Amino acid sequence: MAHPTDEAWQLSRQYKDSAAANILQSRPEEALADYRKAVELNPHDSAARLKVAELLAQLGHPQEAVRELHSTAIRYASEGNTLHAIAACKLILALEPQHAETPENLASLIAMRSAEEHQPPNEPEPPGTPLFSRLPKDVFLALLELLEMRRVNGGEHIITEGEQGRSMFILVTGTVRVVHTPKNAPPRTLAELTEGSFFGELGLISDAPRTASVISIRDCTLLEVTRDMLAQLGARFPTFERMVQRFYKDRLLNNLLESNPVFQPLSDEQKRAIAQRFQTLTVEPGTVLLQQGQRSHALHLLLRGRCSVVHQDPDGGERPYPDMTEGALFGEISLLLDLRVTATVRAATSCLLLVLDQETVKERVLTHPEVRRALTHLSRERLDRTAAMLAEGAEVRGSFLI
């Protein structure tokens with residue numbers, strides 16, 4: 001694929017800046033001319049092509065807009081960017097509700113790519129969002145039907161920091177600002193995202209609170225993918241359910257290996273080797289995963305579901321700890337330092353877990369001196385905190401030793 005020269009790219013950027021200014025000044029004809037010049041300089045700029053189509057529709061040329069959107073959708077699909085292709089297709093259907101050519105072409109093209117690639121289980125995913133980069137034709141058409149375009153006004157919160165996440169978004173048109181507000185400090189802008197960007201992907205994986213707010217800078221059009229949508233598709237199509245489970249596994253493992261202090265000292269190659277050794281485990285509600293007073297024989301990562309945690313007092317009473325939710329890691333301190341666990345962990349719901357066996361931990365993890373130092377520090381912190389809470393009779397709120 002030919003790419004524009006630096007000079008052409010800079011000139012294209014100038015035309016797009018001019019177009020944005022013309023839009024703000026309510027001059028759509030001038031904006032359209034600018035975006036068309038940008039596309040001439042860089043025919044592979046799909047975001048600029050989307051703006052051309054949007055302006056054509058605004059100016060009363062729906063058939064031209066559909067042709068431009070069809071070309072853009074096909075380009076996105078050929079690059080493996082399925083959700084971007086769907087976004088362009090949804091814009092077509094908004095203009096021509098009975099339009100069938102683009103959905104059928106996209107479904108066939110994406111299914112063909114899936115059949116041709118035959119990706120081995122542990123190979124890297126292609127460009128785009130991995131969960132949607134390969135879809136059978138029937139799954140693609142079902143997803144297209146479920147997804148809806150969402151429009152928000154400038155200044156509106158799309159995601160609010162601290163709220164529970166249940167979805168991800170693709171920005172079709174517009175610009176958004178990602179803002180984090182530290183405790184006792186003013187808000188801080190982390191990034192500005194433009195057309196074609198993804199955000200909120202962790203909401204498909206975990207119930208963890210959002211770590212930042214996403215606010216529209218100007219009017220935006222978005223596609224929202226929810227966990228409920230994935231569940232509906234998974235119930236109808238077993239092949240897609242397997243893709244979803246792999247997506248959850250890959251993302252949670254990546255977060256774990258990159259952020260947990262136990263694994264941070266390892267090289268990328270070592271992390272990949274460990275990730276391949278995790279096995280899936282499905283358990284029913286009430287299943288005991290760790291028993292207080294015994295030793296852990298595996299490291300557990302909670303993929304789906306919720307686990308309850310209780311400490312059994314010598315007098316027979318029980319002290320509840322906070323529940324473990326998706327993404328929680330437990331059993332590592334007992335396993336790696338050969339300590340008895342200090343609480344019992346039970347499945348509160350049906351749970352899907354990733355489990356790393358003791359032998360792999362000893363061979364691939366404990367041999368690294370930096371890992372052992374991190375474990376020693378982490379275990380002392382948790383043990384001191386747990387002992388203090390139990391001694392004072394305080395409610396356990398933070399990290400505890402398992």
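**Strands, helices and loops of a predicted model**

Student: How does E12 pair with strand E15 (residues 344–347), parallel or antiparallel?
Tutor: E12 and strand E15 (residues 344–347) pair in the antiparallel sense, over four bridges. Two strands are taken to pair if DSSP finds at least two bridges between them, and the names stand for DSSP runs numbered from the N terminus, helices (H or I) having at least four residues and strands (E) at least two. Valine 309 stands opposite valine 345 in E15.

Student: Before we go on, what kind of model is this?
Tutor: This is a predicted model, in which local features need pLDDT of at least 70 and side-chain atom pairs count only at pLDDT 80 or more, while totals for chains, interfaces and linings use all residues. Residues are numbered from 1 along each chain as its sequence is written, and side-chain values use heavy atoms, with hydrogens and water left out.

Student: Okay, and how many bridges are there between E12 and E13?
Tutor: Strand E12 (residues 307–312) and strand E13 (residues 318–324) are joined by five bridges and pair in the antiparallel sense, with valine 310 standing opposite proline 320 in E13. The two strands form a hairpin with five residues between them, and glycine 316 in the turn has a positive phi of about 100°.

Student: What about the chain as a whole, how many helices and strands does it have?
Tutor: The secondary structure of the protein chain comes to 13 helices and 16 strands. Of its 402 residues, 46% count as buried, where buried means under 20% relative accessible area, exposed means over 50% and partly exposed lies in between, using a 1.4 Å probe and protein chains only. Among contacts (heavy atoms within 4.5 Å) between residues at least 6 apart in sequence, 72% join residues at least 24 apart.

Student: Back to strands: what is the order of the open sheet of four strands?
Tutor: The order in that open sheet is E2-E7-E4-E5, and the pairing is antiparallel. Strand E2 (157–159) and E5 stand at the edges with a single partner strand each, so one side of each has no neighbour in the sheet. On average, neighbouring strands of this sheet are turned by 30° against each other, direction ignored.

Student: And which residue in E7 is the bridge partner of isoleucine 159?
Tutor: In E7, that partner is valine 214, and E2 is joined to strand E7 (residues 213–216) by two bridges, with the strands running antiparallel.

Student: Where is threonine 181?
Tutor: Threonine 181 is in the loop between strand E4 (176–180) and strand E5 (188–193), and it counts as partly exposed because its relative accessibility is 37%. Leaving aside neighbours within four places in sequence, threonine 181 is in contact with Glu161 and Pro187. Threonine 181 and alanine 212 are 31 residues apart in sequence, and their C-alpha atoms are 7.3 Å apart in space.

Student: What is the phi of serine 26?
Tutor: Serine 26 has a positive phi of about 55°, although it is not a glycine. Serine 26 lies in the loop between helix H1 (6–24) and helix H2 (28–41), and with a relative accessible area of 62% it is exposed.

Student: Changing topic, at what angle do the axes of H5 and H7 cross?
Tutor: The axes of helix H5 (residues 82–95) and helix H7 (residues 137–146) come within 10 Å and cross at roughly 55°. Axes are lines fitted to C-alpha atoms, for helices over the stretch in contact, and angles run from 0 to 180 degrees between N-to-C directions. H5 and H7 are therefore oblique to each other, since angles under 35 degrees count as roughly parallel, over 145 as roughly antiparallel, 65 to 115 as roughly perpendicular and the rest as oblique.

Student: Which residues of H5 and H7 meet?
Tutor: Thr82, Ile86, Cys89 and Lys90 in H5 meet Phe140, Leu143, Leu144 and Glu145 in H7. By class, this contact of H5 with H7 has five nonpolar, one polar and two charged residues, with Ala, Val, Leu, Ile, Met, Phe, Trp, Tyr, Cys and Pro counted as nonpolar, Asp, Glu, Lys and Arg as charged, and the others, Gly among them, as polar.
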